[in-house]
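Dear colleague,

Please find the structure below for your records.

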Amino acid sequence: MPRYNGVSTHTARRSGITNMNLTHKYTFYRVIHFSDHKTKKIFIDYIKLSSDEIAAEIDAIVNGVKFEVF
C-alpha cells in the first residue's frame with residue numbers, strides 16, 4: 001500500500017498544526033486558537049514534538065533567538 005493511502009485527514013491536520021507551531025510565524029496562543037484546543041496541556045500533547053524539536057525550542061529560548069511573529 002502506498003504511504004499516502006495511510007494518511008488520514010486527522011494526520012494531515014496534526015502535521016499542519018505542528019508545522020505551523022514550529023515556524024514561529026504565529027504566537028503560541030494563535031496556533032492554539034486556530035487548532036481549537038481548549039488548554040495548553042491538550043495542545044502540547046496533541047502536537048507531538050520530537051526530542052530534537054524540544055531541544056531546538058530550549059536552545060532558542062536560552063540564546064535569546066527572536067522569531068518573527070505577526
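**Overall features**

Of the 70 residues in the protein chain, 19% are buried. Please note that this is a predicted model. The protein chain contains 4 helices and 0 strands, and its pattern along the sequence reads α-α-α-α. Along the principal axes, the C-alpha atoms occupy a box of roughly 45 × 25 × 20 Å. Among the contacts in the protein chain with a separation of 6 or more, 57% are between residues 24 or more positions apart.

Two helix contacts involve H3. In one of them, the axes of H1 and H3 are 9 Å apart and the helices pack at an angle of about 110°. The two are therefore roughly perpendicular to each other, since angles from 65 to 115 degrees are placed in that class. On the H1 side, the residues that meet H3 are His10, Arg13, Arg14, Ile17, Thr18 and Asn21, and their partners in H3 are Phe43, Asp45, Tyr46 and Ile47. Sorted by class, this contact has 4 nonpolar, 3 polar and 3 charged residues.

The other contact joins helix H2 (residues 28–35) to helix H3 (residues 40–47), whose axes come within 11 Å and cross at roughly 80°. H2 and H3 are therefore also roughly perpendicular to each other. Here Phe28, Tyr29, Val31, Ile32 and Ser35 in H2 meet Lys40, Phe43 and Ile44 in H3. The class count for the contact of H2 with H3 is 6 nonpolar, 1 polar and 1 charged residues.

**Aromatic rings**

How many aromatic pairs does a search of the whole structure find? The search finds 2. One is formed by Phe28 and Tyr29, an edge-to-face pair with 5.7 Å centre to centre and 85° between the planes. Phe28 is partly exposed, at a relative accessible area of 27%, whereas Tyr29 counts as exposed, with 55% relative accessibility.

The other pair is made by Phe28 and Phe43, whose ring centres are 5.4 Å apart and whose planes stand at 85°, so this pair is edge-to-face as well. Planes over 60 degrees apart are what that term requires. This pair links distant parts of the chain, as Phe28 lies in helix H2 and Phe43 in helix H3, 15 residues apart. Is Phe43 buried or exposed? Phe43 has a relative accessible area of 0% and is buried. Through these ring pairs, Phe28, Tyr29 and Phe43 are linked into a cluster.

A further ring, that of Tyr46, takes part in an arrangement with a charge: the charged end of Arg14 sits over this ring, 4.8 Å from its centre. Arg14 and Tyr46 are also among the residues at which H1 and H3 meet.

**Asn21**

Asn21 is located in helix H1 (residues 9–23). With 9% relative accessibility, Asn21 counts as buried, because the class covers values under 20%. Leaving aside residues up to four places away in sequence, Asn21 touches Phe28, Val31, Phe43 and Ile47. Phe28 and Phe43, two of these neighbours, also belong to the ring cluster described above. Phe28 and Val31 are among the H2 residues that meet H3, while Phe43 and Ile47 are among the H3 residues that meet H1.

With kind regards

Technical notes:
Residues are numbered from 1 along each chain as its sequence is written. This is a predicted model: local features need pLDDT of at least 70, side-chain atom pairs count only at pLDDT 80 or more; totals for chains, interfaces and linings use all residues. Side-chain values use heavy atoms; hydrogens and water are left out. Axes are lines fitted to C-alpha atoms, for helices over the stretch in contact, and angles run from 0 to 180 degrees between N-to-C directions. Angles under 35 degrees count as roughly parallel, over 145 as roughly antiparallel, 65 to 115 as roughly perpendicular and the rest as oblique. Contact means heavy atoms within 4.5 Å. Ala, Val, Leu, Ile, Met, Phe, Trp, Tyr, Cys and Pro count as nonpolar, Asp, Glu, Lys and Arg as charged, and the others, Gly among them, as polar. Rings of Phe, Tyr and Trp (its six-membered ring) pair if their centres lie within 6.5 Å; planes under 30 degrees apart count as stacked, over 60 as edge-to-face and the rest as tilted. Buried means under 20% relative accessible area, exposed over 50%, partly exposed in between (1.4 Å probe, protein chains only). A charge sits over a ring if NZ of Lys or CZ of Arg is within 6 Å of the ring centre and within 35 degrees of the ring normal.
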